[in-house]
Amino acid sequence: MIVEERIYTLEVGKTPEYLRLYEEEGLAIQLPILGNLIGYFSSEIGDLNLIIHMWGYESFEERSRRRAILIADEGWKTYVAKVRPWILRQENRILIPAPFSPIR
């Protein structure tokens, strides 16, 4: 298993609006395609205006296949066009769970 961590830095003050729009529109598109949502978070202390979400996949190949389907989805394209102006920076990491991790 691998875990993809995605971190978006948003414009100041846009976190509540981003989360509202994601819950109303983005989640219903993304969840059936990507499948294994581990968690969706916003930051409160430290670096602020961050959205962090993590998705689990059996392999990098599965992740690539599912992301390609998502990127081609017309509903997703429409949703992304709404939130993209608020995103100042994006970071992606592929995490490999340690043998003793509860997420394996």
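Mentor: Start with the angle classes: under 35 degrees counts as roughly parallel, over 145 as roughly antiparallel, 65 to 115 as roughly perpendicular, and the rest as oblique. The axes are lines fitted to C-alpha atoms, for helices over the stretch in contact, and the angles run from 0 to 180 degrees between N-to-C directions. Helices (H or I, at least four residues) and strands (E, at least two) are DSSP runs, numbered from the N terminus. This is a predicted model, in which local features need pLDDT of at least 70 and side-chain atom pairs count only at pLDDT 80 or more, while totals for chains, interfaces and linings use all residues. Residues are numbered from 1 along each chain as its sequence is written, and side-chain values use heavy atoms, with hydrogens and water left out.

Trainee: At what angle do helix 1 and helix 3 cross?

Mentor: The crossing is at roughly 165°, and the two axes come within 9 Å. Helix 1 and helix 3 are therefore roughly antiparallel. Handedness is left-handed if the near helix is turned anticlockwise from the far one by less than a right angle, and right-handed if clockwise. The crossing of helix 1 and helix 3 is left-handed.

Trainee: Which residues make the contact between helix 1 and helix 3?

Mentor: Contact means heavy atoms within 4.5 Å. Helix 1 contributes Tyr18, Leu21, Tyr22, Glu25, Gly26, Ile29 and Gln30, and helix 3 contributes Gly75, Trp76, Tyr79, Lys82 and Val83. For classes, Ala, Val, Leu, Ile, Met, Phe, Trp, Tyr, Cys and Pro count as nonpolar, Asp, Glu, Lys and Arg as charged, and the others, Gly among them, as polar. This contact has seven nonpolar, three polar and two charged residues.

Trainee: How does helix 1 pack against helix 2?

Mentor: Helix 2 covers residues 60-72, and its axis is 9 Å from that of helix 1, at an angle of about 150°. That makes helix 1 roughly antiparallel to helix 2. The crossing of helix 1 and helix 2 is right-handed. Ile29, Gln30, Pro32, Ile33 and Leu34 of helix 1 meet Arg66, Arg67, Ile69 and Leu70 of helix 2.

Trainee: What is the angle between helix 2 and helix 3?

Mentor: The angle is about 75°, with the axes 5 Å apart, so helix 2 and helix 3 are roughly perpendicular. The contact joins Leu70, Ile71 and Ala72 of helix 2 to Glu74, Trp76 and Lys77 of helix 3. By class, four of these residues are nonpolar, none polar and two charged.

Trainee: Which residues touch the most other members of the largest nonpolar core?

Mentor: In soluble globular proteins, nonpolar side chains tend to be buried together. A nonpolar core is a set of buried Ala, Val, Leu, Ile, Met, Phe, Trp, Tyr and Cys residues joined through side-chain atoms within 4.5 Å. Buried means under 20% relative accessible area, exposed over 50%, and partly exposed in between (1.4 Å probe, protein chains only). The largest core here has 18 residues, and those touching the most other members are Tyr18, Ile29, Leu34, Leu70, Trp76, Tyr79 and Val83. Helix 1 gives the most to this core, with six residues. Beyond its neighbours within four places in sequence, Leu34 is in contact with Trp55, Tyr57, Arg66, Arg67 and Leu70.

Trainee: Is His53 buried or exposed?

Mentor: His53 counts as buried because its relative accessibility is 1%. His53 lies in strand 3.
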